[in-house]
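Student: I would like to learn how to read the packing of helices and strands in a model. Could we go through one together?

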Amino acid sequence: MAIQIIDHAFDPYHEIQRYQSTQPDYLGAIGATSIFIGTMRDFNQGSQVTGMSIEHYPGMTEKQLSLCVEKAQGLWSILDSLIIHRVGTITPNEVIVLIAVWSSHRGDAFDATRYIMEALKSTVPFWKKECLDADAERWVTSNTSGYQ
Amino acid sequence: MSIKVYYFASLKEHVGHSEHELEFIQSLTVKEVWFEANADLALPKNTLAAVNMEYVDWNSLVIDGDVVAFFPPVTGG
């Protein structure tokens with residue numbers, strides 16, 4: 001399991017390949033790799049969004065992300081997982097979050113990825129502030145459920 | 001007793017600072033910590049609380065050395 005909080009743009013596909021190449025112990029057991037990539041839009045709630053800053057609570061962020069993964073490990077058979085989340089200043093089309101889950105079977109990989117993402121959205125202490133046209137800013141006040 | 005209190009995101013702007021130390025004599029609940037630290041400020045609806053980086057409810061007791069954090073609903077991902 002790896003969790004990274006980073007303040008710069010990254011290529012999620014490169015990070016998945018790089019991480020997997022460093023984990024030779026279970027390579028033969030992998031039957032499924034499920035990934036979720038969250039990308040910043042240039043619109044939200046009827047407004048054009050030109051940028052975003054993401055604040056977090058260092059320490060609690062990593063602790064809560066670990067809990068998300070541990071709970072998923074209790075529910076599904078997972079070989080490994082990688083989570084990368086941006087903080088700081090972000091512009092549209094940049095990746096905000098990557099979740100990758102490796103498993104022997106697709107069902108476990110799919111379900112665990114979805115679970116970790118939804119748990120992240122509701123429990124991990126990140127906060128987004130959007131930059132709008134005309135130099136206005138606003139906090140994003142809540143996340144919607146991905147199951148609605 | 002002494003605890004450290006942190007505020008994040010919109011709540012940091014609401015209280016006007018990101019952290020402070022709070023001294024107190026008797027045990028306090030998390031809710032009492034808010035009003036000890038912010039006597040003149042209403043507690044915004046939906047505020048979340050953590051002690052030592054774990055979510056707690058408002059009636060949890062804090063002890064000497066605890067780190068309390070107040071913040072709005074999370075919006076990552």
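**Helices, sheet and contacts**

Tutor: Let us begin with a pair of helices: helix α2 (residues 60-75) of chain A and helix α3 (residues 106-123) of chain A have axes that come within 9 Å and cross at roughly 145°. Axes here are lines fitted to C-alpha atoms, for helices over the stretch in contact, with angles from 0 to 180 degrees between N-to-C directions, and helices (H or I, at least four residues) and strands (E, at least two) are DSSP runs numbered from the N terminus. This is a predicted model, in which local features need pLDDT of at least 70 and side-chain atom pairs count only at pLDDT 80 or more, while totals for chains, interfaces and linings use all residues. Residues are numbered from 1 along each chain as its sequence is written, and chains are lettered from A and ligands numbered from 1 in the order in which they are written.

Student: Which residues of α2(A) and α3(A) meet?

Tutor: Two residues are in contact if their C-beta atoms, placed from the backbone, lie within 7 Å. On the α2(A) side the residues include L65(A), C68(A), V69(A) and A72(A), and on the α3(A) side they include A112(A), Y115(A), I116(A) and A119(A).

Student: Which residues of α3(A) are buried, and what covers them?

Tutor: A residue is buried if 20 or more other C-beta atoms lie within 10 Å of its own, exposed if 12 or fewer, and partly exposed in between. In α3(A) the buried residues are D108(A), A109(A), A112(A), T113(A), I116(A), L120(A) and K121(A), and their cover includes β2 (32-39), α2 and β7 (95-103) of chain A.

Student: Why does Q48(A) count as partly exposed?

Tutor: Q48(A), which lies in strand β4 (residues 47-56) of chain A, counts as partly exposed because it has 14 C-beta neighbours inside 10 Å. Leaving out residues up to four places away in sequence, Q48(A) touches D42(A), F43(A), L132(A) and D133(A).
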